[in-house]
Amino acid sequence: MNELHEEELDFELEDELGTVAAAQAKIKKLRGELKEAQAKRDEYLDGWQRCKADSINARKEAAQQHDRAHGRGKESIIEEIIPVLDSFDMAAGGDAWLAIDENWRNGVDLIRNQLLDVLSRHGIERFGKVGDMFDHTEHEAVQEIEDVAGESGEVVRILRYGYKNGERIVRPAQVIVKR
């Protein structure tokens with residue numbers, strides 16, 4: 001770029017030497033300013049991209065915190081409802097239950113089933129049944145007995161049902177297991 005033509009610089013011929021040197025100095029200065037402007041542009045672009053990524057991450061984190069808080073609130077309510085369901089189950093499991101009028105028992109069973117349905121609609125599932133194989137992640141073995149039919153490790157009695165929120169165990173089922 002050291003060779004500059006007159007038509008490119010658009011200078012008068014008599015001032016060629018002074019003007020060419022001035023033009024070269026001006027071009028050198030403009031190149032420096034351009035490099036400085038490009039460096040600032042890159043710095044601002046990098047900062048903007050980082051800020052945008054931070055903003056996206058902050059929104060995701062806020063949404064996750066909201067979901068966790070909502071889940072904790074939901075589970076808190078569920079943990080308060082579960083003992084009510086346990087009371088229904090204990091009442092229905094006693095000998096006195098059979099002495100009560102059948103229509104009344106059916107009404108109480110309907111109420112219990114409505115509660116279970118509400119929990120189910122909110123993703124809470126009740127689990128635990130006789131015949132399941134013992135799973136330490138879902139069951140809490142309260143007792144092991146030998147003098148019953150079934151395979152070793154099989155659940156022979158449910159003392160208290162367990163509840164799941166999706167894959168998360170809200171409360172394990174308390175069971176008696178065949179030894």
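**Salt bridges and cores**

Me: Which accessibility class does E33 fall into at 40% relative accessibility?

Reply: In this predicted model, the relative accessibility of E33 is 40%. Buried means under 20% and exposed means over 50%. The value for E33 lies in between, so the class is partly exposed.

Me: Where do K29 and its salt-bridge partner E33 lie?

Reply: The closest N and O atoms of K29 and E33 are 4.0 Å apart. K29 is exposed, at 52% relative accessible area.

Me: How many salt bridges does a search of the whole structure find?

Reply: The K29–E33 pair is a salt bridge. The search covers the whole structure, and its total is 13.

Me: How far apart in sequence are the parts that R168 and E75 tie together?

Reply: R168 and E75 form a salt bridge with closest N and O atoms 2.5 Å apart. R168 is in strand β5 (residues 168–171) and E75 is in helix α2, so the pair links parts separated in sequence by 93 residues.

Me: Is E75 buried or exposed?

Reply: The cut-off for buried is under 20% relative accessible area. R168 has 46% and is partly exposed. E75 has 8%, so E75 is buried.

Me: Which residue forms a salt bridge with R179, and which residues are joined into one network by shared partners?

Reply: The bridge partner of R179 is E144, with closest N and O atoms 3.8 Å apart. R179 lies in the segment after β6 (173–178) and E144 in strand β2 (residues 139–145), so this pair ties together parts 35 residues apart in sequence. Through shared partners, salt bridges join into one network D89, D109, R112 and R126.

Me: Which element gives the largest share of the largest nonpolar core?

Reply: The largest nonpolar core has eight residues: I78, I82, L85, L116, L119, I124, Y163 and V170. Two or more of them come from each of α2 and α4 (102–121). The largest share is three residues, from α2.

Me: Which residues does L116 contact, leaving aside neighbours within four places in sequence?

Reply: L116 belongs to the largest core. With its neighbours within four places set aside, L116 is in contact with L85, R126 and Y163.

Technical notes:
Residues numbered from 1 in each chain as written. Predicted model: local features only at pLDDT ≥ 70, side-chain atom pairs only at ≥ 80, totals over all residues. Heavy atoms only, no water. Salt bridge = Lys/Arg side-chain N within 4 Å of Asp/Glu carboxyl O. Buried < 20%, exposed > 50% of the residue type's maximum accessible area, 1.4 Å probe, protein only. Helix = DSSP H or I, 4+ residues; strand = E, 2+ residues; numbered from the N terminus. Core = buried A, V, L, I, M, F, W, Y, C linked by side-chain atoms within 4.5 Å. Contact = heavy atoms within 4.5 Å.
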